[in-house]
Amino acid sequence: YRHHMDLLFPFAEYWWFYAAFTGFVLGLLALDLGVFHRHAHVVSFRESLIWSVVWVTIALAFNVAFYAYASHTFGPDVGRRVGLEFLTGYIVEKSLAVDNVFVFVLVFAYFAVPPVLQHRVLFYGILGALVFRAIFIALGSVLMQYHAVVLLFGAFLLLTGVKMLWAPERKIDPNHNPLVRLFRRLMPVTPDFRGASFLVKLDGRWHATPLLVALLFLEMSDVIFAVDRKSTRLNS
């Protein structure tokens with residue numbers, strides 16, 4: 001798939017397409033935070049359902065436009081193939097993202113993140129996830145050329161599966177996460193939330209709030225999920 005897409009849409013010729021798509025996504029995120037969620041509020045089930053429909057509709061509309069453009073440029077057979085590949089990838093990613101929801105619930109419950117601030121944490125978590133996804137995609141496109149790396153990721157995936165199968169079930173404790181513990185040593189953390197702020201300045205020194213710690217743990221969890229998914233794709 002990647003090989004065919006490289007031939008159809010080489011970056012040197014279609015840089016404008018990649019730039020426009022990236023700008024479009026960033027524009028939607030800016031619109032979401034700067035306009036629709038400028039003021040922190042509790043997101044109701046009805047509102048979350050409406051926004052879910054909106055985002056899925058936008059993705060499917062892009063799928064149709066992508067199919068039409070590929071069909072017009074490269075022919076109907078290629079258009080159907082790349083359109084179906086995009087739709088398949090979207091459905092797979094949407095299905096895999098369900099497990100992240102359970103992690104979000106556990107983290108919010110552990111850090112007692114107020115419902116009014118949860119959208120703010122998730123939004124910046126998405127921004128961080130986009131950066132990590134770009135890094136993993138770039139690395140994956142390079143590492144796929146080496147068979148030894150594919151075997152290494154396969155071994156990692158097998159070891160992860162064995163560990164999940166035989167290890168006793170443990171409650172997630174962010175305080176035992178090495179990155180969170182290191183962060184607490186490097187920067188003081190306030191004992192309570194300070195509104196929607198991630199950082200506050202107390203006595204002339206910057207302090208992190210529990211909101212920032214929760215965001216840090218979410219990003220760490222996302223990296224783990226991304227590595228696991230990348231190893232799965234490399235071996236498929």
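The protein I am showing today has nine helices and two strands. What you see is a predicted model. In sequence order the elements run α-α-α-α-α-α-α-α-β-β-α. The protein has 236 residues, and 28% of them are buried. Looking at contacts with a sequence separation of 6 or more, 65% are between residues 24 or more positions apart.

I will start with helix 2 and work along the chain.

Helix 2 covers residues 11-36, and it has a kink of about 30° centred on Phe 17. Which residues of helix 2 are buried? They are Tyr 14, Leu 28, Leu 29, Asp 32 and Leu 33.

Val 25 is another residue of helix 2. Its relative accessible area is 25%, so Val 25 is classed as partly exposed; the cut-off for buried is under 20%. Val 25 is 105 residues away from Leu 130 in sequence, while the C-alpha atoms of Val 25 and Leu 130 are 10.0 Å apart in space.

Next, helix 2 against helix 3. Their axes are 14 Å apart and the packing angle is about 165°. An angle over 145 degrees counts as roughly antiparallel, and therefore helix 2 and helix 3 are described that way. The crossing of helix 2 past helix 3 is right-handed.

Which residues meet here? From helix 2 there are Tyr 14, Trp 16, Phe 17, Phe 21, Phe 24, Leu 28, Asp 32 and Phe 36. From helix 3 there are Trp 51, Trp 55, Ile 58, Phe 62, Phe 66, Tyr 69, Thr 73 and Phe 74. Sorted by class, this contact between helix 2 and helix 3 has 14 nonpolar residues, one polar and one charged. Phe 17, where the kink of helix 2 is centred, is among the residues that meet helix 3. Tyr 14, Leu 28 and Asp 32 are buried, and they too are among the residues of helix 2 in this contact.

Now helix 3 and helix 4. Helix 3 is residues 45-74 and helix 4 is residues 76-96; they pack at about 160°, with axes 7 Å apart. Helix 3 and helix 4 are therefore roughly antiparallel as well. Helix 3 passes helix 4 in a crossing that is right-handed.

On the helix 3 side, the residues in contact are Trp 55, Val 56, Ala 59, Leu 60, Phe 62, Asn 63, Phe 66, Tyr 67, Ala 70, Ser 71 and Phe 74. On the helix 4 side, they are Pro 76, Val 78, Gly 79, Arg 80, Val 82, Gly 83, Phe 86, Leu 87, Tyr 90 and Lys 94. The classes here come to 15 nonpolar, four polar and two charged residues. Trp 55, Phe 62, Phe 66 and Phe 74 meet helix 4, and these residues also meet helix 2.

How do helix 4 and helix 5 lie relative to each other, roughly parallel or roughly antiparallel? Helix 5 is residues 98-110, and its axis comes within 4 Å of the axis of helix 4, crossing at roughly 25°. That angle makes helix 4 and helix 5 roughly parallel. Lys 94, Ser 95 and Leu 96 of helix 4 make the contact with Val 98, Asp 99 and Asn 100 of helix 5. By class, the residues in this contact are two nonpolar, two polar and two charged. Lys 94 of helix 4 takes part here, and Lys 94 is also in the contact with helix 3.

Next, two loop residues. Most residues other than glycine have a negative phi. Ala 112 is not a glycine, yet its phi is positive, about 55°. Ala 112 sits in the loop between helix 5 and helix 6, the latter being residues 115-143. With 51% relative accessibility, Ala 112 is exposed.

Asp 203 also has a positive phi of about 55° without being a glycine. Asp 203 is in the loop from strand 1, residues 199-202, to strand 2, residues 205-208. Its relative accessibility is 84%, so Asp 203 is exposed.

Last, Arg 205, which belongs to strand 2. Arg 205 is partly exposed, at 49% relative accessibility. What does Arg 205 contact, leaving aside neighbours within four places in sequence? The contacts are Leu 186, Pro 188 and Val 200. Arg 205 and Pro 188 are 17 residues apart in sequence, with a C-alpha to C-alpha distance of 9.0 Å.

Methods
Residues numbered from 1 in each chain as written. Predicted model: local features only at pLDDT ≥ 70, side-chain atom pairs only at ≥ 80, totals over all residues. Heavy atoms only, no water. Bend = angle between axes of the 7 residues up to and from the residue. Buried < 20%, exposed > 50% of the residue type's maximum accessible area, 1.4 Å probe, protein only. Axes fitted to C-alpha atoms, helices over the stretch in contact; angles between N-to-C directions. Parallel < 35°, antiparallel > 145°, perpendicular 65-115°, else oblique. Left-handed = near helix turned anticlockwise from the far one by under 90°. Contact = heavy atoms within 4.5 Å. Nonpolar A, V, L, I, M, F, W, Y, C, P; charged D, E, K, R; others polar.
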